Amino acid sequence: MRGAGTGTGSAAVAVVMSLLLLLLSRSPPAAAGDGRKSDSRLVSEQFSQAPQKLAFYSWYGSARLFHFRVPPDTVLLRWLLQVTQGSGSTCNNVETTVYFRYGAPPVINPLGTSFANSTSVQPSFLLKMLQGNASVNVSYPAPGDWFVAAHLPPSSHKIEVKDFIPTCAYIFQPDMLVVRVVEMSILEPDVPLPLVLLSQPSYLKVFVPKHTQELRLELQGCVSNGSLGCPVHLTVGSATLPGNFQKVLTCSDPTMACRLLLPSPPWERWLQVTAKSLAGPRVLVTFSAVAALTACRPWTVNLQHPLQSSPNQSRNASTGPPPPSPNTQDLDQSGEAGSGPFCLRSFPVLREDMDVVSVRFRPLDRVSVLVQSDMPSVMQLYLNTGMDSGGSLSISVNINQTVIADNTSMVACVTAGSPFLSFNTSLNCTTAFFQGYPLSLSASSPTANLSIPYPETDNWYLSLQVLCPERPEECVQASVLVDTTLYLVPCLNDCGPYGQCLLLRRHGYLYAGCSCRAGWRGWSCTDNSTAQTVAQQKVATLLLTLSNLMFLAPIAISVQRFLLLEASVYAYTMFFSTFYHACDQPGDAVLCILNYDTLQYCDFLGSGVSIWVTVLCMARLKASLKYVLFMLGTLIFAMSLQLDRRAAWNTMGPCLFAIVVMVTMWVYRCGRRRHCYPPSWQRWVFYLLPGFSLAALALTIYTSMMTSENYYYTHSIWHMLLAGSAAFLLPPREQHTEPWACAQKLTCHYEICKNHRDELYTVT
């Protein structure tokens with residue numbers, strides 16, 4: 001496995017691609033050391049996906065995921081990575097982090113946050129690169145799903161207004177180039193396969209059937225140029241990332257047997273074997289490869305008689321012999337028939353699909369699982385559909401304290417590919433090519449939990465067995481009933497109270513991630529190192545909601561100056577902004593009177609229309625024209641916000657048009673009256689300049705100063721500045737005109753009021 005990065009520009013991509021294709025047309029590096037002509041057994045293929053725009057990392061949804069499938073019999077996998085960026089002064093040479101993983105999306109933690117308790121995470125294989133190209137080679141990769149994820153450095157948490165300031169685009173595209181074998185010899189069990197090595201390696205594969213306990217590979221009759229000795233380098237298994245459990249055997253001592261033992265190899269899978277000569281390019285090495293499989297028979301537990309299913313139970317403890325399963329029909333009660341003793345107790349498991357990336361596993365027709373000391377009890381979890389790796393595997397094991405002795409413990413092991421069966425000899429929970437997840441239970445600790453984010457696509461196994469480390473003789477009759485809770489869930493604990501579980505998609509592949517709130521962080525939103533307290537959440541809610549009361553000032557001024565339509569717009573904005581921010585809070589202080597999306601839309605609409613009517617009111621248009629523009633502007637705002645309510649120009653465009661109308665009217669009046677408009681210097685000093693200053697300060701805060709940390713008080717200041725600027729900028733009423741003049745008092749104490757401008761009559 002090898003990673004390399006270069007600093008070349010995008011102009012070198014064609015040259016790099018040509019060189020890679022030329023290399024792939026020849027034998028891989030492991031087989032091409034002698035420089036001879038290429039191996040006709042190898043063919044090269046190339047796979048690519050559409051590029052994606054990278055984002056600065058804030059949560060898992062910020063990473064861009066790519067999903068590839070490596071074909072079988074691949075001997076070389078090469079990733080060609082390319083990062084390009086736009087041109088302009090805003091583009092800097094930013095570091096890109098790329099992750100690789102086999103079987104499931106990579107579990108990443110760029111922010112260094114903590115994971116939830118009982119969560120087991122393996123470190124990710126990653127590569128950091130700048131703009132340009134890089135490559136990663138993997139020899140003998142495992143066939144199946146491979147995932148690549150990429151992101152930019154952690155974000156600064158600055159809230160940027162969309163399309164207001166030009167941003168730099170960073171584009172990432174991975175290409176997958178593979179070399180695979182089209183002619184591979186099949187190694188049959190217990191059948192010697194003669195091989196001759198000269199300069200090119202020999203590619204073999206052996207099929208491992210289900211219930212294989214051990215695989216033994218041996219080289220027999222090895223001769224090098226007519227003399228004894230076995231200069232052969234044997235590589236068994238496929239490479240996976242982040243972990244690589246390939247087995248390597250070097251045979252150089254002629255006095256020792258060249259043999260490799262693999263306990264618990266992956267079941268129902270082809271195992272790749274590569275043999276290379278270490279004797280030089282002109283030395284002939286001959287030998288025979290032999291694969292021997294040690295199989296054990298599973299004792300499939302009878303569903304109706306669980307206590308009768310144990311092979312070691314005496315006759316007087318059961319009401320009859322257990323009905324044989326299809327896998328045990330040729331075995332006697334002792335398990336000592338020709339195929340060997342039992343090696344595991346198999347409990348059938350029902351897979352129940354509940355929703356997208358949501359599966360429940362439970363023992364078929366039973367609640368508890370019988371665990372004894374004679375052999376492991378095994379449950380198989382089917383996670384091999386290709387769509388199960390985007391969730392989290394949650395395992396909970398609970399033993400009954402009433403039936404377990406104080407000196408007795410129970411151990412469990414969770415593995416993929418094949419079960420762990422060697423509890424009596426080892427407790428490392430490791431199979432031939434997989435590092436499992438161990439669990440331990442006892443009378444003092446009767447419950448064990450395990451969470452595995454993004455489990456690999458495979459058949460998973462839960463193995464359990466009773467052990468007596470102090471007095472092994474007491475374990476002969478020991479048995480424990482175990483309750484298991486096995487789920488595949490989109491997010492662990494649904495991301496908790498301060499997170500939201502979101503379903504993400506890359507083409508047809510679905511996976512889930514947690515988006516945290518209120519300062520909580522981590523994979524499952526369980527890291528409270530930067531979390532807000534309940535008091536801070538309440539303060540933030542009060543600031544964002546009560547700051548809207550500043551709109552009472554422009555409402556009162558509008559009513560006093562008979563600007564009733566403007567007053568109604570300000571009241572609308574104050575109402576929906578208050579309850580939108582009461583609903584928008586991330587923590588416990590939340591109040592939603594309507595659907596969140598509805599409140600957000602009404603808040604954005606009210607803010608834009610408030611600016612629109614304020615500016616047009618300052619233009620002093622005729623009443624009919626003013627109301628027509630009011631209505632047209634409101635309809636335009638409604639349409640543009642429906643298209644994209646966060647785009648800056650959807651709000652600023654109509655507002656700039658209103659400013660142009662206002663400036664045009666003011667310039668027209670200046671030319672007509674031959675002096676500045678508005679004519680009063682007091683109006684400029686005490687109203688317009690403060691109003692314009694507040695508006696400019698509000699725009700500055702809104703576009704360049706808001707972050708996710710200071711949002712609750714900077715946005716509150718934005719509310720107050722916006723309402724204050726409206727109060728200062730509203731024009732005074734017309735001179736020599738009373739807004740309401742009472743012409744006559746009625747005897748019934750009602751007054752008939754007349755508006756002299758509009759000739760409107762009303763009863764008050």
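Where does S264 lie? S264 sits in the loop between β19 (258–263) and β20; strands (E, at least two residues) and helices (H or I, at least four) are DSSP runs, numbered from the N terminus. The points below start from the model itself and return to this loop residue in point 4.

1. Basis of the model. This is a predicted model in which local features need pLDDT of at least 70 and side-chain atom pairs count only at pLDDT 80 or more, while totals for chains, interfaces and linings use all residues. Residues are numbered from 1 along each chain as its sequence is written, and side-chain values use heavy atoms, with hydrogens and water left out.

2. Confidence. The average pLDDT of the chain is 82, and 83% of the residues score at least 70; pLDDT is the predictor's confidence in each residue, from 0 to 100. Residues 1–37 stay under 50, and the model has 67 contacts for them beyond four places in sequence. Residues 304–338 also stay under 50, with 57 contacts beyond four places in sequence. Contact means heavy atoms within 4.5 Å. Where pLDDT is low, the predicted coordinates should not be read in detail.

3. The five-stranded sheet. An open sheet of 5 strands runs in the order β12-β14-β20-β17-β18, with mixed pairing; two strands pair if DSSP finds at least two bridges between them. The edges are β12 (185–186) and β18 (247–251), each with a single partner strand, so one side of each has no neighbour in the sheet. Within the sheet, β14 (residues 202–208) and β20 (residues 269–277) are antiparallel and share 7 bridges. V208 has R269 of β20 as its bridge partner.

4. Loops with backbone features. S264, in the loop that leads from β19 to β20, has a phi near 50 degrees, a positive value in a residue other than glycine. The peptide bond from L241 to P242 is cis, with omega near 10 degrees, and P242 is in the loop between β17 (232–236) and β18. A cis peptide bond is also present from Y677 to P678, with omega near -5 degrees; P678 belongs to the loop between α7 and α8 (681–704).

5. The six-stranded sheet. Here 6 strands form an open sheet, ordered β22-β23-β27-β32-β29-β30, and the pairing is mixed. β22 (297–300) and β30 (437–442) are the edge strands, each with a single partner strand, so one side of each is left without a neighbour in the sheet. From one strand to the next, the twist averages 30 degrees. Strand β29 (residues 409–416) runs antiparallel to β30, joined by 6 bridges, and C413 is opposite P438 of β30.

6. A hairpin. β34 (residues 499–506) and β35 (residues 509–516) are antiparallel and joined by 8 bridges. They form a hairpin with 2 residues between them, and H507 in the turn has a positive phi of about 55 degrees. L504 has Y511 of β35 as its bridge partner.

7. Helices α5 and α6. Two packed helices are described by the angle between their axes and the distance between the axes. Axes are lines fitted to C-alpha atoms, for helices over the stretch in contact, and angles run from 0 to 180 degrees between N-to-C directions. α5 (residues 596–618) packs on α6 at about 145 degrees, with the axes 10 Å apart. The crossing is right-handed (the near helix is turned clockwise from the far one by less than a right angle; anticlockwise gives left-handed). Contact residues include F604, W612 and L616 of α5 and F630, F637 and L641 of α6. By class, the contact has 12 nonpolar, 4 polar and no charged residues; Ala, Val, Leu, Ile, Met, Phe, Trp, Tyr, Cys and Pro count as nonpolar, Asp, Glu, Lys and Arg as charged, and the others, Gly among them, as polar.

8. Helices α6 and α7. The axes of α6 (residues 623–643) and α7 (residues 648–673) come within 9 Å and cross at roughly 160 degrees. The two helices are therefore roughly antiparallel (angles over 145 degrees; under 35 is roughly parallel, 65 to 115 roughly perpendicular and the rest oblique). This crossing of α6 and α7 is right-handed. I636, F637, S640 and L641 of α6 make the contact with N650, T651, P654 and C655 of α7, a set with 5 nonpolar, 3 polar and no charged residues.
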